[in-house]
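Trainee: I have a chain on screen and want to learn how to read it. Where do we start?

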Amino acid sequence: MRLFIAVRFSDEIRALLLESIAALSTQSLSGNFTDSKNLHLTLAFIGETGRTGAVRRAMDSVEASPFSLTVGGSGRFGNLWWAGIEGNPALSRLAAQLQAALRQAGFSIESRPFQPHITLGRQIVPKDKILLTIPSASMTVDKISLMKSERLGGRLVYTAIYERPLSE
Ligand code: 2AM
């Protein structure tokens, strides 16, 4: 299974991101736009593994309280366009804790710096210069989700297979 650990969004933030995807789409000649159900923020990418029990234990081992997350701004990595997350020490700490726990459990997790982003579309071919305005909106993150990624009938489908609440 191809796995990653993610934050899933409130309906309000999902709606706002969908408006941004619509704006991105109208300014593109072509692109592979993220499905509403697939919108997420990756905290740790694990990749192919069958060791889901070990991943769950790593998720359970982190000590983190609920925290506020604010979406806003946008950018791109090559032809991948993303919405941003405001600088957030609680988020960075949680991602670092998860990555350390996964490494300790024997997973090889990339050591490149954590760059929190929400992928809106890939393989974007702009009509002209793309302008995206993403209003800032906040939510409380009170759980993290273990996501399975698979291709079904040519579509990318992400399914939550475990959720870990964050508690005070
Ligand atoms: P992306 O959207 O920037 O491609 C499922 O593929 C999730 O894991 C996506 O959020 C994806 O980020 C992320 N992901 C895929 N490969 C990754 C890698 N090697 N390192 C970090 N994140 C990765």
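Trainee: How many bridges join strand S1 to strand S3, and do they run parallel or antiparallel?

Mentor: First, keep in mind that this is a predicted model. For strand pairing, look at the bridges and the direction. Strand S1 (residues 2–7) and strand S3 (residues 41–48) are joined by 6 bridges and run antiparallel.

Trainee: Which way does S1 run relative to strand S8, and how many bridges join them?

Mentor: S1 and strand S8 (residues 143–152) are antiparallel, with 5 bridges.

Trainee: What pattern does the chain follow along the sequence?

Mentor: Count elements, then order them. The chain has 3 helices and 9 strands. In order, they read β-α-β-β-α-β-β-α-β-β-β-β. The radius of gyration is 16 Å, close to the 15 Å from the globule rule for 168 residues, so the chain is as compact as a globular protein of that length. Its C-alpha atoms fill a box of roughly 45 × 35 × 30 Å along the principal axes.

Trainee: Which residues have the most contacts inside the largest nonpolar core?

Mentor: That core has 38 residues, and the ones with the most contacts inside it are Ile5, Leu43, Met59, Leu98, Ile118 and Leu120. Then ask which element contributes. Helix H3 (residues 89–104) supplies the largest share of this core, 6 residues.

Trainee: What does Ile118 touch, beyond its neighbours within four places in sequence?

Mentor: Ile118 is in contact with Leu17, Leu39, Leu41, Val71, Trp82 and Ala83. Now read the picture from the other end. Leu17 is found in helix H1 (residues 11–26). Leaving aside neighbours within four places, Leu17 contacts Leu39, Ala83, Ile118 and Leu120.

Trainee: Why does Leu17 count as buried?

Mentor: Count C-beta atoms around the residue; 20 or more within 10 Å means buried. Leu17 has 20 C-beta neighbours inside 10 Å, so it counts as buried.

Trainee: Which residues are around the ligand?

Mentor: List the shell, then sort it by class. The residues are Phe4, Thr42, Phe45, Leu80, Glu110, Thr119 and Ser149. By class, the shell has 3 nonpolar, 3 polar and 1 charged residues.

Trainee: How far apart are Thr119 and Thr42 in sequence and in space?

Mentor: They are 77 residues apart in sequence and 9.6 Å apart in space, C-alpha to C-alpha. Thr119 is in strand S6 (residues 117–126). With 19 C-beta neighbours inside 10 Å, Thr119 counts as partly exposed. Apart from neighbours within four places, Thr119 contacts Thr34, Leu80 and Trp82.

Trainee: What is the phi of Gln123, and is it positive or negative?

Mentor: Start with the general idea. Most residues other than glycine have a negative phi. Gln123 is not a glycine, yet its phi is positive, about 50°. Gln123 lies in strand S6. Gln123 has 12 C-beta neighbours inside 10 Å, so it counts as exposed.

Key
Residues are numbered from 1 along each chain as its sequence is written. This is a predicted model: local features need pLDDT of at least 70, side-chain atom pairs count only at pLDDT 80 or more; totals for chains, interfaces and linings use all residues. Helices (H or I, at least four residues) and strands (E, at least two) are DSSP runs, numbered from the N terminus. The radius of gyration is taken over C-alpha atoms; the globule rule is 2.2 Å times the number of residues to the power 0.38. A nonpolar core is a set of buried Ala, Val, Leu, Ile, Met, Phe, Trp, Tyr and Cys residues joined through C-beta atoms within 7 Å. Two residues are in contact if their C-beta atoms, placed from the backbone, lie within 7 Å. A residue is near a molecule or strand if its C-beta atom, placed from the backbone, lies within 6 Å of it. Ala, Val, Leu, Ile, Met, Phe, Trp, Tyr, Cys and Pro count as nonpolar, Asp, Glu, Lys and Arg as charged, and the others, Gly among them, as polar. Two strands pair if DSSP finds at least two bridges between them.
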